[in-house]
Amino acid sequence: MNSPEHAAVLASAIENKSAKVGVVGLGYVGLPLIRAFIAADYRTLGFDVDQTKVDRLKAGKSYIAHIASDWIARCIAEHSFEPTTDLRRLAEADCILICVPTPLSESRDPDLSYVEGTARQIAAVLRPGQLVVLESTTYPGTTRDVVLPILAAGGKVAGELTVGRDFFLAFSPEREDPGNAQFAASVIPKVVGGIDPTSAHLAQLLYGQAVVKVVPVTSCEVAEACKILENTYRAVNIALVNELKMLYDRMGIDVWEVIEAAATKPFGFQVFYPGPGLGGHCIPIDPFYLSWIARKHGLSTRFIELAGQINTQMPDYVVDRVTAALNEVKKPVKGSKICVLGVAYKKDIDDPRESPSFVLMELLLARGAALTYNDPHVPNLPKMRHHDLPAMASKPLTTEFLAQQDLVLIATNHSAYDYHFIVKHSKLVIDTRNATKKVMKGRERIRKA
Ligand SMILES: NC(=O)c1ccc[n+]([C@@H]2O[C@H](COP(=O)([O-])OP(=O)(O)OC[C@H]3O[C@@H](n4cnc5c(N)ncnc54)[C@H](O)[C@@H]3O)[C@@H](O)[C@H]2O)c1
């Protein structure tokens, strides 16, 4: 078969839904993506190196709060979803979407080992007529400079496979808003750029079947840069409101009221909220992928560095406010009973990655606090790579428990919390999220931070 034929065969398989979609990395991005393709009537193969996750999925059990176990069980029974740890089966997928982690190394440089490892696994089985799409967030140039050479080298072993002719390669960033039911993967427009026009066309054709709108761009680099722009934009704007929070607080002005007022401007202003620091897999990490590549180009990204500095100092600011609040009632942090509410990085999710709550807890423990936590979505404190906290279980928020605490620190504004109840039974509440804004009784016990 020559090249136009490979592309044509894949295009018609995509259009008539006989193409098998393989997703590598069954995490917060991969599983919702599988759901979008199953909803569009594709059969899917899900790959993960984590045997526990694959076993759970095979047993019809979800490990992500917003993906229902019932749905997984049904898809497994109907064979529309087949999870596996056997990466040799990548050969069976016509379209392979890579959703593996892209963390930072100890020295805060990009750690592309997961992407490279996956590319090598694909290269080992690459066959003519396959489309590979990288979805993991990364710096501009990764698909062409890192993934393509690995695939092309593997392809040669299999007999001179060339991109755009025999196999196809594209980048399409994932846009997820975890915990926000309004934005399922299928309703979020998807930016898609290819290594070459044929790859771009095939990837755009594929996503066009499963998502509401495809936004074609002229290259993988534009698609990669677009994702980093989106996340850097958030990191910088969150840093801005965090800085203003500290300033307005010093001036006796309530930043939350200021933001709500500014948000009424019908043009030229987008609302961002301050918090106890930055969390999640994306916003605290992705901008540093851009800083790293900028340094390679002899430039510095001062906005990103400054935003990083401000956002990472927020937990210290919150702990200063805790210290001041306890001081008002003649108590030191040392020995005070403090309960942190919320260890997920944002409301209504169970994802603790990069959550500022862990930094808050470390700082409070270092000052000798008698520390506990509650999170309705995180029953046990998970072991985190960069944090060393003792094993803890979430404490039930009973009247007695709250009354025993010297201070309750709201770090994550989960909707499941009854803030009237919390304020009513606590001696002192530090609120980093304006979660208690509707609580009128007992406001004298609340301090914003
Ligand atoms: N979580 C989000 O909201 C979000 C949003 C947009 C983009 N992203 C990006 O998407 C990518 C994935 O993020 P995530 O949140 O889904 O991560 P995750 O940790 O939830 O899931 C990644 C999965 O990949 C698996 N994995 C690791 N190496 C593998 C390999 N070689 N082969 C197969 N599976 C492997 C892991 O076991 C894990 O289950 C990252 O680049 C992230 O920056 C995440």
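Biologist: Where does Arg108 sit?
Modeller: Arg108 is in the loop between strand 4 (95-98) and helix 5 (113-125). Helices (H or I, at least four residues) and strands (E, at least two) are DSSP runs, numbered from the N terminus.

Biologist: What kind of model is this?
Modeller: This is a predicted model, where local features need pLDDT of at least 70, side-chain atom pairs count only at pLDDT 80 or more, and totals for chains, interfaces and linings use all residues. Residues are numbered from 1 along each chain as its sequence is written, and side-chain values use heavy atoms, with hydrogens and water left out.

Biologist: Back to Arg108. Buried, partly exposed or exposed?
Modeller: Arg108 is partly exposed, because its relative accessible area is 42%. The cut-offs are under 20% for buried and over 50% for exposed, with partly exposed in between (1.4 Å probe, protein chains only).

Biologist: What about its phi?
Modeller: Arg108 has a positive phi, near 60 degrees, and is a residue other than glycine. Lys17 has a positive phi too, of about 65 degrees, and is not a glycine either.

Biologist: Where is Lys17 found?
Modeller: In the loop between helix 1 (3-15) and strand 1 (20-24). Lys17 counts as partly exposed because its relative accessibility is 27%.

Biologist: New topic: the ligand. Which residues are closest?
Modeller: Val29, Asp48, Lys53, Thr102 and Arg353. The ligand is surrounded by 26 residues; a residue is counted if one of its heavy atoms lies within 4 Å.

Biologist: What classes make up that shell?
Modeller: Twelve nonpolar, seven polar and seven charged residues. Ala, Val, Leu, Ile, Met, Phe, Trp, Tyr, Cys and Pro count as nonpolar, Asp, Glu, Lys and Arg as charged, and the others, Gly among them, as polar.

Biologist: Which side chains have an N or O atom by a ligand oxygen, say Asp48 or Arg353?
Modeller: Both. For Asp48, the distance from a side-chain N or O atom to a ligand oxygen is 2.6 Å. For Arg353 it is 2.8 Å. Thr102 also has a polar side-chain atom 2.5 Å from an oxygen of the ligand. A polar contact is a pair of N or O atoms within 3.5 Å; within protein, one must be able to donate a hydrogen and the other to accept it, and residues adjacent in sequence count only if both atoms are side-chain atoms.

Biologist: How much of the ligand does the protein bury?
Modeller: The protein buries 92% of the 830 Å² that the ligand exposes when taken alone. Accessible areas come from the Shrake-Rupley method with a 1.4 Å probe; for residues, only the protein chains shown count as cover.

Biologist: What does Met384 touch?
Modeller: Pro352, Arg353, Glu354 and Phe358, leaving aside neighbours within four places in sequence. Contact means heavy atoms within 4.5 Å. Met384 is in the loop between strand 10 (370-374) and helix 13 (399-404). Met384 is buried, with a relative accessible area of 17%.

Biologist: And Thr372, buried or exposed?
Modeller: Thr372 counts as buried, at 15% relative accessibility. This residue is in strand 10. Its contacts beyond four places in sequence include Ile338, Cys339, Val340 and Phe401.

Biologist: Switching to helix 9. Which residues are buried there?
Modeller: Val255, Trp256 and Ile259, in a helix that spans residues 255-262. Seen down the axis of helix 9, its buried residues fall within an arc of 100 degrees, so they line one face of the helix. The arc is that of the directions from the helix axis to the C-beta atoms.

Biologist: What does that face pack against?
Modeller: The buried residues of helix 9 pack against helix 8 (220-250) and strand 13 (446-448).

Biologist: What caps the N-terminal end of helix 9?
Modeller: Asp254 does, with a side-chain oxygen 2.9 Å from the backbone nitrogen of Trp256.

Biologist: What does Asn434 touch?
Modeller: Trp256 and Lys448, not counting residues up to four places away in sequence. The side chains of Asn434 and Lys448 make a polar contact at 3.3 Å. Asn434 is in the loop between strand 12 and strand 13. Asn434 is buried, with a relative accessible area of 9%.

Biologist: How about Lys438, buried or exposed?
Modeller: Lys438 counts as exposed, at 66% relative accessibility. Lys438 is also in the loop between strand 12 (429-431) and strand 13.
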